[in-house]
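Thanks for coming. Please have a look at it first.

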Amino acid sequence: MAQAPPAPPQAQPAQEDVPLYRLDARLVLLHASVVDKNGKLLTNVPQSAFKVFEDGVEQPIRLFRREDVPVSMGIIIDNSGSMSNKRSRVAGAALDLVKQSNSDDEVLFSFENRQLKARLGQSVAAALLANGIRTLRIDEAGNPKGILCGIGYCFECRCVIDDESDQRACMVEVKPGMRVRRQQGLA
Ligand code: FES
């Protein structure tokens, strides 16, 4: 039986030909909020007022920036009978607060007792769609209905918002604490 000749040895690159890259980039992000003794946010504190230590050794601050960081905000609004004549003003104030905030902030609202998030300025319909909810109403024949025109003409997106039925979800801006339900049949 003939034996296959041994494979020729692979040429090994000379050690000095192999490029060697070394990288040591370490940037530790530290978020700091500074408030005065009354809890009011101070936004004009200079970099020179900050010192960072690691194991007792002061570390250089390589980068210093002021940022308005987006947050998710949940506002709980009392919905009891004693609030009935104030609720729309409280909701309006909550919306004003949110509008003054970072445009990337999120608000919380509920759909059929599920807590959902929405972007500021979104319509209820868009916020529900973004959360995977397409059925906003069950018509008199039991058919699921949802967004059709998206501009307020077709009335297919009618749902119950804060206990008011027949609200067109595509025309109502989502507010923090808003409660949305599917509408069943004729309101
Ligand atoms: S989707 Fe047509 S009115 Fe809202």
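Let me start in the core. The largest nonpolar core has 20 residues, and F109, V124 and A169 touch the most other members. By nonpolar core I mean a set of buried Ala, Val, Leu, Ile, Met, Phe, Trp, Tyr and Cys residues joined through C-beta atoms within 7 Å. At least two residues of this core come from each of β4, β5, α2 (124–130) and β8 (158–161). The largest share, 4 residues, is supplied by α2.

Before going on, the provenance. This is a predicted model, in which local features need pLDDT of at least 70 and side-chain atom pairs count only at pLDDT 80 or more, while totals for chains, interfaces and linings use all residues. Numbering runs from 1 along each chain as its sequence is written.

Back to A169. Which residues does A169 contact, leaving aside its neighbours within four places in sequence? They are S123, V124, A125, L128, L136, C157 and C159. Two residues are in contact here if their C-beta atoms, placed from the backbone, lie within 7 Å.

Now the secondary structure. The chain has 2 helices and 10 strands, in the order β-β-β-α-β-β-α-β-β-β-β-β along the sequence. Helices (H or I, at least four residues) and strands (E, at least two) are DSSP runs, numbered from the N terminus.

Take β4 and its partners. Strands count as paired if DSSP finds at least two bridges between them. β4 pairs with β5 in the antiparallel sense, over 6 bridges. Within that pairing, E106 has R119 as its bridge partner in β5, and V107 has A118.

Strand β3 (residues 72–73) and β4 run parallel, joined by 2 bridges. From β3 the chain crosses through helix α1 (residues 87–99) to β4, and this β-α-β crossover is right-handed. Right-handed means that, with the strands pointing away from the viewer, the path from the first strand over the helix to the second runs clockwise.

β4 also pairs with strand β10 (residues 179–184), in the parallel sense and over 2 bridges. There S110 stands opposite R179 in β10.

Next, the two loop residues. E112 lies in the loop between β4 (106–111) and β5 (114–119). That hairpin has 2 residues between the strands, and E112 takes a positive phi near 50° in it. E112 is not a glycine. Is E112 buried or exposed? E112 is exposed, because it has 11 other C-beta atoms within 10 Å. The cut-offs, with C-beta atoms placed from the backbone, are 20 or more other C-beta atoms within 10 Å of its own for buried, 12 or fewer for exposed, and partly exposed in between.

D55 is the other one, in the loop between β1 (52–54) and β2 (57–59). Its phi is near 50°, again positive in a residue other than glycine. D55 has 5 other C-beta atoms within 10 Å, so D55 is exposed.

Last, the whole chain. The radius of gyration is 29 Å, whereas a compact globule of 187 residues would have one near 16 Å. That radius is taken over C-alpha atoms, and the globule rule is 2.2 Å times the number of residues to the power 0.38. The C-alpha trace spans about 85 × 75 × 25 Å along its principal axes. Buried residues make up 16% of the 187 residues.
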